[in-house]
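Subject: A structure for you to look at

Hi,

Here is the structure I promised to pass on to you. Have a look at it first, and then read on for what turned up in it.

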Amino acid sequence: MLDQRSARGVHASALVSTLTGPGSAVVRVTATPSQRVTGSWAVTCRQGTSSSRDADDFSGRTPLEVAVRAFGGPGDSCTVVGTAKLARSGRVEVQLFAGSA
């Protein structure tokens, strides 16, 4: 696991972030009680003076796993961010894993 965060309350949201090399990742979202969430992921990679960015939105009922598209290349330094927000009140947990779903 690369990062993990949680939050509770009405429309609670949590954000995970990590600095890594090229690869792939998975954003895992759980909620208590289980409910719909909306979220997004974003990746920014840099090598020297060049950079690239990719992002996407997602929604669904928890538990939910969302694959982050493969990113970066040799020598890149990449930042991966994932976030999720509850549709109602409760507790949300967002985890970021290396690899693919």
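Arg 5 and Asp 3 are joined through their side chains by a salt bridge, with 2.9 Å from N to O. The term salt bridge is used when a side-chain nitrogen of Lys or Arg lies within 4 Å of a carboxyl oxygen of Asp or Glu. Are the two partners buried or exposed, or something in between? Asp 3 is buried, at 13% relative accessible area, while Arg 5 is partly exposed, at 45%. Here buried means under 20% relative accessible area, exposed means over 50%, and partly exposed is what lies in between (1.4 Å probe, protein chains only).

Before going further, please keep in mind that this is a predicted model, in which local features need pLDDT of at least 70 and side-chain atom pairs count only at pLDDT 80 or more, while totals for chains, interfaces and linings use all residues. Residues are numbered from 1 along each chain as its sequence is written, and side-chain values use heavy atoms, with hydrogens and water left out.

Back to the salt bridges: the count comes to four. One of them links the side chains of Arg 69 and Asp 54, again with 2.9 Å from N to O. Arg 69 lies in strand β6 and Asp 54 in strand β5, so this pair ties together parts that are 15 residues apart in sequence. Arg 69 also forms a salt bridge with Asp 56, where the closest N and O atoms are 3.5 Å apart. Asp 56 lies in strand β5 too, so its pairing with Arg 69 ties together parts 13 residues apart in sequence.

Now for the strands. The protein has zero helices and eight strands. Both kinds of element are DSSP runs numbered from the N terminus: helices are H or I with at least four residues, and strands are E with at least two. Two strands are said to pair if DSSP finds at least two bridges between them.

In what order do the strands sit in the sheets? To find one on your screen, look for Val 10, whose bridge partner in β8 is Ser 89.

Another open sheet has four strands in the order β2-β7-β4-β5, also with antiparallel pairing. Here β2 and β5 (50–61) are the edge strands, and each pairs on one side only. The twist averages 10° from one strand to the next. Between β4 and β5 there are 12 bridges in the antiparallel sense, and Thr 44 stands opposite Arg 53 in β5.

Next, the inside. In soluble globular proteins, nonpolar side chains tend to be buried together. The largest nonpolar core has 24 residues, and those with the most contacts inside it are Val 27, Val 29, Val 43, Phe 71 and Val 92. Two or more residues of this core come from each of β2 (13–20), β3 (23–32), β4 (36–47), β6, β7 (77–86) and β8. A nonpolar core is a set of buried Ala, Val, Leu, Ile, Met, Phe, Trp, Tyr and Cys residues joined through side-chain atoms within 4.5 Å. Leaving aside neighbours within four places in sequence, Val 29 is in contact (heavy atoms within 4.5 Å) with residues including Val 37, Phe 58, Leu 64 and Val 92.

Finally, the whole protein: of its 101 residues, 39% count as buried. Its C-alpha trace spans about 45 × 20 × 20 Å along the principal axes.

Enjoy exploring!

Terms used. Axes fitted to C-alpha atoms, helices over the stretch in contact; angles between N-to-C directions.
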